[in-house]
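Take a walk through this model, one site at a time. Keep the structure open as you read.

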Amino acid sequence: MLRIHFSDNRQAPIWLVDERFTIGQDSRNSLVLTVPGIAPFHAEIRQDQGFYFLTDVGSAGGSFVNDERVTTRFQLRADDRVRLGDVELLLVDPARSKTPVEQAPRWFLQVIQGEHEGKKFHISGSMTFGRSVKCELCFSDQELSRRHCEFYLRDDVLEVKDLASANGLWVNQQKVSSAALQPGDQLKMGSVSLLVIGPKSTVAASEDEDATLFMRAVDLPKPLKQAPLSSSSSGQANPLRTAAPANPMRAAAPASAPNGLNKPLLALMVLLVAGLVVAAVVFTV
């Protein structure tokens with residue numbers, strides 16, 4: 001099965017699956033090409049038992065295959081180049097060639113509102129957007145400037161630049177003069193809104209000075225250990241201990257008796273001696 005590729009990558013490749021595939025400016029065609037030199041119904045490709053045949057439908061500009069003008073039922077083969085007006089198409093058989101797979105398109109703009117709603121445009125190199133027929137992305141919206149903005153790839157990152165348009169360029173509801181685009185971004189120019197479709201971007205986000213900085217717990221500095229306060233180390237008494245009231249039980253504690261004897265033991269000894277004296281007197285009498 002053959003597949004149509006655009007030499008300027010203006011659109012994504014298209015498989016030739018229908019038995020009859022028509023090309024022209026009219027919206028009823030299988031492939032609509034709203035560019036100069038294309039007739040409303042320019043040409044058609046018919047599939048017959050696995051073979052493809054191109055027929056020009058009486059267009060003024062003609063249809064060319066490998067720079068040779070053809071009129072009716074010209075058989076197409078893989079690697080043929082078909083030129084209609086200013087548009088060049090390449091017929092590819094993916095089963096025979098891996099080149100198109102390796103060069104698969106990565107960035108698209110899909111119209112989500114306005115003229116050509118639903119259509120996808122493949123972005124390759126540098127492509128201008130506006131009302132001028134010289135723009136690769138040509139729209140007839142009167143709110144657009146003739147050359148409104150430019151899309152271009154830089155290191156596989158899609159960027160857009162406003163070309164001093166009258167109504168400006170808006171990315172995610174923010175007016176910008178230029179921007180690096182991310183998949184999922186929405187652009188608005190005049191009454192046309194586009195959705196950015198592409199690979200995951202590696203553009204580094206600008207650092208926000210006011211953003212909250214989060215650190216892992218293991219990365220936080222360890223708190224300093226505070227040495228316990230002591231009277232011996234500081235040379236001063238603890239003021240809290242000094243201000244505390246004296247314990248009355250400590251004040252009532254008996255003082256130490258001479259020779260290491262305390263008062264209760266001394267009183268007991270006095271009683272024993274007195275008892276012995278009284279006993280001696282009684283036995284004597």
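Start with Glu44, which counts as buried at 13% relative accessibility, because the cut-off for buried is under 20%. This is a predicted model, and every value here is computed from it.

Glu44 has a charged partner. Side chains of opposite charge can pair when their charged atoms come close. The side chains of Glu44 and Arg20 form a salt bridge, with 2.9 Å from N to O. Glu44 sits in strand S5 and Arg20 in strand S3 (residues 20–24), so the contact ties together parts that lie 24 residues apart in sequence. Arg20 is partly exposed, at 45% relative accessible area, whereas Glu44 is buried.

Move along strand S5 to Asp48. Arg73 and Asp48 form a salt bridge, and their closest N and O atoms are 3.1 Å apart. Arg73 lies in the loop between S8 and S9, while Asp48 is in strand S5, so this pair links parts that are 25 residues apart in sequence. Asp48 is partly exposed, with a relative accessible area of 33%. Arg73 is partly exposed too, at 47%.

Arg81 is partly exposed at 31% relative accessibility. Glu88 is partly exposed as well, at 26%. Some bridges share partners: Arg20, Glu44 and Arg46 are joined in this way into one network. The whole structure holds eight salt bridges.

Now look at the backbone. Most residues other than glycine have a negative phi. Which residues depart from this here? Arg73 is one of them, with a positive phi near 45°. Its loop runs between strand S8 (68–70) and strand S9 (74–76). His116 also has a positive phi, near 65°. His116 is found in the loop between strand S12 (108–113) and strand S13 (120–122). Is His116 buried or exposed? His116 is buried, because its relative accessible area is 19% and the limit is under 20%.

Pro13 is in the loop between strand S1 (3–6) and strand S2 (14–15). Pro13 is partly exposed, at 26% relative accessibility. Pro13 and Val92 are 79 residues apart in sequence, yet their C-alpha atoms are 9.5 Å apart in space. Thr34 is in the loop between strand S4 (31–32) and strand S5 (43–48). Thr34 is partly exposed, with 33% relative accessible area. Thr34 and Leu137 are 103 residues apart in sequence and 9.9 Å apart, C-alpha to C-alpha.

Rolling a probe the size of a water molecule over the atoms shows where empty space is left. How many cavities of 30 Å³ or more are there? The count is one. About 130 Å³ of space lies in the largest cavity. Its lining has 13 residues, with Arg10, Thr34, Val35, Phe121 and Glu136 nearest the centre. Seven of the lining residues are nonpolar, three are polar and three are charged.

Leu265, Leu268, Met269 and Leu272 make a nonpolar patch of about 380 Å². Leu265 lies in helix H5 (residues 263–284). Leu265 is partly exposed, at 38% relative accessibility.

Definitions and conventions: Residues are numbered from 1 along each chain as its sequence is written. This is a predicted model: local features need pLDDT of at least 70, side-chain atom pairs count only at pLDDT 80 or more; totals for chains, interfaces and linings use all residues. Side-chain values use heavy atoms; hydrogens and water are left out. Helices (H or I, at least four residues) and strands (E, at least two) are DSSP runs, numbered from the N terminus. Buried means under 20% relative accessible area, exposed over 50%, partly exposed in between (1.4 Å probe, protein chains only). On a 1 Å grid over the protein atoms alone, a cavity is a set of points where a 1.4 Å probe fits but cannot get out, and a pocket is an open set with protein on both sides within 12 Å along at least five of seven lines; lining residues have an atom within 4 Å of a point. Grid points are joined across faces, edges and corners, and a volume is the space filled by probe spheres set on the points. Ala, Val, Leu, Ile, Met, Phe, Trp, Tyr, Cys and Pro count as nonpolar, Asp, Glu, Lys and Arg as charged, and the others, Gly among them, as polar. Patches are made of residues with over 30% relative accessible area and no salt bridge: like charges are joined within 9 Å, nonpolar side chains (Val, Leu, Ile, Met, Phe, Trp, Tyr) within 5 Å. Accessible areas come from the Shrake-Rupley method with a 1.4 Å probe; for residues, only the protein chains shown count as cover. A salt bridge is a side-chain nitrogen of Lys or Arg within 4 Å of a carboxyl oxygen of Asp or Glu.
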